[in-house]
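Reader: I have a chain open here and would like to go through it piece by piece. Can we start with a single residue?

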Amino acid sequence: MAVLTHLLAVLFGMGSWVSINGLWVELPLIVPQVPEGWYLPSYLSVLIQAANVGPLVVTLMHRLRPGVLNEAAVIYGIVAVGAVASFLLAFFWKETVVVGGAPRSLALLVLTFFLATVDCTSSVTFLPFMMHLQPHFLTSYFIGEGLSGLLPALAALVQGVGLVRCVNSSQSLNHSGHGARRLEARYQPSNFSAEVFFFFLSAMMLVSLAAFLLLDLHPAVARQQPDPRYSAGSRERSRRSRKRAEQRPMMDPFRPQNHKPRSSLGSSSCSQKQLAFIFVVLGWVNALSNTALPSVQSYSCLPYGNGAYHLSAALAAVSNPLAGFVAMFVSIRSLVFLGFLTVLGTGIGSYIMLMAALSPCPLLVNDGAGAAIMVLAWILFIFSLSYVKVIIGVILRDEGHSALVWCGAVVQLGSLLGAVTMFPLVSVYGLFSSGDPCSTSCP
């Protein structure tokens, strides 16, 4: 039954960010068919950050009215909304409405806001729910969370989204009267439509909903739960027990002097400074890996060719669940080690950011080694910071229910700060220039 619970935790975690991740990888197919064009990603970024109202409400409820919020009911509601919104996107994403004298993709934007609210709120509901299971199942949840980015990317790869073919294109006549030719990038037609892709996203949300239903109510899963007060699903969880769980402190000020934690940061053994360090690191790594660096991925990779771009995107997506899988067997809780991985990931991210700033002529642009280094940099960057996020989640799980609520809140706060910082640099001031995947010309 433990294997079943691990599988259900993976499928449950898969529903956390699958909708928004899927929408992002589908943009090359959507953008040419909507009136917003390539301004659409900017609009989506604003909508996703506005959707943080969801986790804000949940966090305030836990803080101000502990025990009142029915966590399971919220999860049922948001996953169902995500499935319905993804399903409706298949029918209405191309529909336009005249707003202010210009056509707008109102249905696409509204449904995207609902999807973003679902995914943002999952950070402060899915993680705390995992308190109802034994600690080692949390790592499986993080593997599923990583798959929420990998599976849509693989589906888009099969679909053929973003694949470019380099063709000869005539330019203006030169002084001798002959037309100069250059290679021009053209998107290849997709193997199946965006409608089918949105049906796929809706099906993944339904799978996540079914997994949560079993995690919450199935008797076999109940035997994997650490506390008998959770043993028969949410129907038998009293408000009083939920309140006790939420009010459990993240530190125990009356801990005996001879208390020996399981590790350097074991159960209920965090000091205020340690918690501050953990949350600062958590916010920082999420700002980098969720918004800051992904916003410049195309600038950092396309100068090295379309192959380098797709390979870095695919392998970076694989690195996320792989980090969770490694953490399942090698769980190093040392704060020094987590600090080292954070510094390492930040350094690699700085290299990626520098190459993006130098685009379209970064270092080693015409050398195969440059492409190999960039792909490796993205793999190591995502792997190292994903491992840090998983271990921090495991540590905070030992600190209690409220710690996981704040964990989700800090994840969203870090992502918000990263987006707010990068949006004006990329979309307003235009500090980054995209490379041509077919004909990058550098001195």
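Reader: Is Phe212 buried or exposed?

Author: Phe212 counts as buried, because its relative accessibility is 0%. Buried means under 20% relative accessible area, exposed means over 50%, and partly exposed is in between (1.4 Å probe, protein chains only). This is a predicted model, where local features need pLDDT of at least 70 and side-chain atom pairs count only at pLDDT 80 or more, while totals for chains, interfaces and linings use all residues. Residues are numbered from 1 along each chain as its sequence is written, and side-chain values use heavy atoms, with hydrogens and water left out.

Reader: How are the rings of Tyr76 and Phe212 arranged?

Author: The structure holds 16 aromatic pairs. In this one the ring centres of Tyr76 and Phe212 are 4.7 Å apart and the planes are at 65 degrees, so the pair is edge-to-face. Rings of Phe, Tyr and Trp (its six-membered ring) pair if their centres lie within 6.5 Å; planes under 30 degrees apart count as stacked, over 60 as edge-to-face and the rest as tilted.

Reader: Where in the chain are Tyr76 and Phe212?

Author: Tyr76 is in helix α6 (residues 71-92) and Phe212 in helix α10 (residues 194-217), so to speak 136 residues apart, and the pair links distant parts of the chain. Helices (H or I, at least four residues) and strands (E, at least two) are DSSP runs, numbered from the N terminus. Tyr76 itself is partly exposed, with a relative accessible area of 22%.

Reader: New topic. How many helices and strands does the chain have?

Author: There are 18 helices and four strands.

Reader: How do α17 and α18 cross?

Author: The axes of helix α17 (residues 368-399) and helix α18 (residues 401-428) come within 6 Å and cross at roughly 145 degrees. Axes are lines fitted to C-alpha atoms, for helices over the stretch in contact, and angles run from 0 to 180 degrees between N-to-C directions.

Reader: Which residues make the contact?

Author: Gly393, Leu396, Arg397 and Glu399 of α17, with Ala403, Leu404 and Cys407 of α18. Contact means heavy atoms within 4.5 Å.

Reader: Which residues does Gln49 touch?

Author: Leaving out residues up to four places away in sequence, Gln49 touches Ser415, Leu416 and Ala419. Gln49 lies in helix α4 (residues 40-50) and is buried, with a relative accessible area of 18%.

Reader: Where is confidence lowest and where is it highest?

Author: Helix α12 (residues 239-247) is lowest, at a mean pLDDT of 45, and helix α16 (residues 335-358) is highest, at 93. pLDDT is the predictor's confidence in each residue, from 0 to 100. Over residues 228-267 the pLDDT is below 50. The chain averages 80, and 81% of the residues score at least 70.
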